[in-house]
Amino acid sequence: MALQLLTHREGLGKLQQALSAVDAEIKTCSTCSNISLGDPCHICTDDTRDAGSLCVVEGVDDLWAMERSGAFKGYYHILGGVVSAIDGVGPEDLTIDQLVNRVEKGAFEEVILALGASVDGQTTAHLISRKLKPLGVDVSALARGIPIGAEVDYMDDGTLSLALKGRQVF
Ligand SMILES: [Zn+2]
């Protein structure tokens, strides 16, 4: 893409204008940290959504993935990352305090932790869970198991073990 722009420099000005417009028009939602044309964002202002459910995700891309699934109709909270000792990210670098504040003030009955299955994701989930449970809200996490279309014999031991523990009546 960089080479294309350097060899067709007439496009550079248009790209610069487009990027400036994006910078001017795209806002970060002060409630959930989503990016949108307004603050609060189009999701936070949608009063047809389930006011009792709050889904905690790591980033905007995770929110988009959840929205694509069409399976979740509540509201979101974007953490801005996960706690990571290697990357030097601590709880204070994330929007955990804002999350606790929202749960304290809001009418959420359930907080769903939709974080990755990595060590950092699970560490962050435990940290958040410890902060939210005393507030009297139900805290849940996404199920772990076999992806749709996958074969059992290709599963790693950890995934298969979690899938077995999380089995449901068929
Ligand atoms: Zn929002």
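**Reading a zinc site and a helix**

Modeller: In this predicted model, the zinc ion has the protein donors C29 (SG), C32 (SG), C41 (SG) and C44 (SG), lying 2.3 Å from it.

Biologist: Which spacing do the donors of the zinc ion follow along the chain?

Modeller: The spacing is C-x2-C-x8-C-x2-C. C29 sits in the loop between β1 (27-28) and β2 (35-36), and C41 in the loop between β2 and β3, so this pair ties together parts that are 12 residues apart in sequence.

Biologist: What arrangement do the 4 donor atoms around the zinc ion make?

Modeller: Ideal angles at a metal are 109.5 degrees for four tetrahedral donors. Here the 4 donor atoms subtend angles of 104 to 115° at the zinc ion, which makes the arrangement tetrahedral.

Biologist: Is C29 buried or exposed, and what of C41?

Modeller: Both C29 and C41 are buried. The cut-off for that word is under 20% relative accessible area. A21, in helix α2 (residues 10-25), has a relative accessible area of 32%, so A21 is partly exposed.

Biologist: How many Å separate the C-alpha atoms of A21 and E109?

Modeller: They are separated by 39 Å, and the two residues are 88 residues apart along the chain.

Biologist: What span does helix α5 reach?

Modeller: A helix is judged against an expected span of 1.5 Å times one less than its number of residues. Helix α5 (residues 119-132) has 14 residues and reaches 20 Å from its first C-alpha to its last, close to the 20 Å expected.

Biologist: Which elements do the buried residues of α5 pack against?

Modeller: Those buried residues are G121, T124, A125, L127, I128, S129 and L132. They pack against β3 (53-57), α4 (96-105), β5 (110-113) and β6 (138-141).

Notes:
Residues are numbered from 1 along each chain as its sequence is written. This is a predicted model: local features need pLDDT of at least 70, side-chain atom pairs count only at pLDDT 80 or more; totals for chains, interfaces and linings use all residues. Side-chain values use heavy atoms; hydrogens and water are left out. Helices (H or I, at least four residues) and strands (E, at least two) are DSSP runs, numbered from the N terminus. Buried means under 20% relative accessible area, exposed over 50%, partly exposed in between (1.4 Å probe, protein chains only). Contact means heavy atoms within 4.5 Å. Donors are N, O and S atoms within 2.8 Å of the metal (3.2 Å for Na, K and Ca); water is not among the atoms, so sites may look incomplete. Four donors count as tetrahedral if all angles lie between 85 and 135 degrees; four count as square planar and six as octahedral if opposite donors are over 155 degrees apart and all others between 65 and 115; anything else is irregular.
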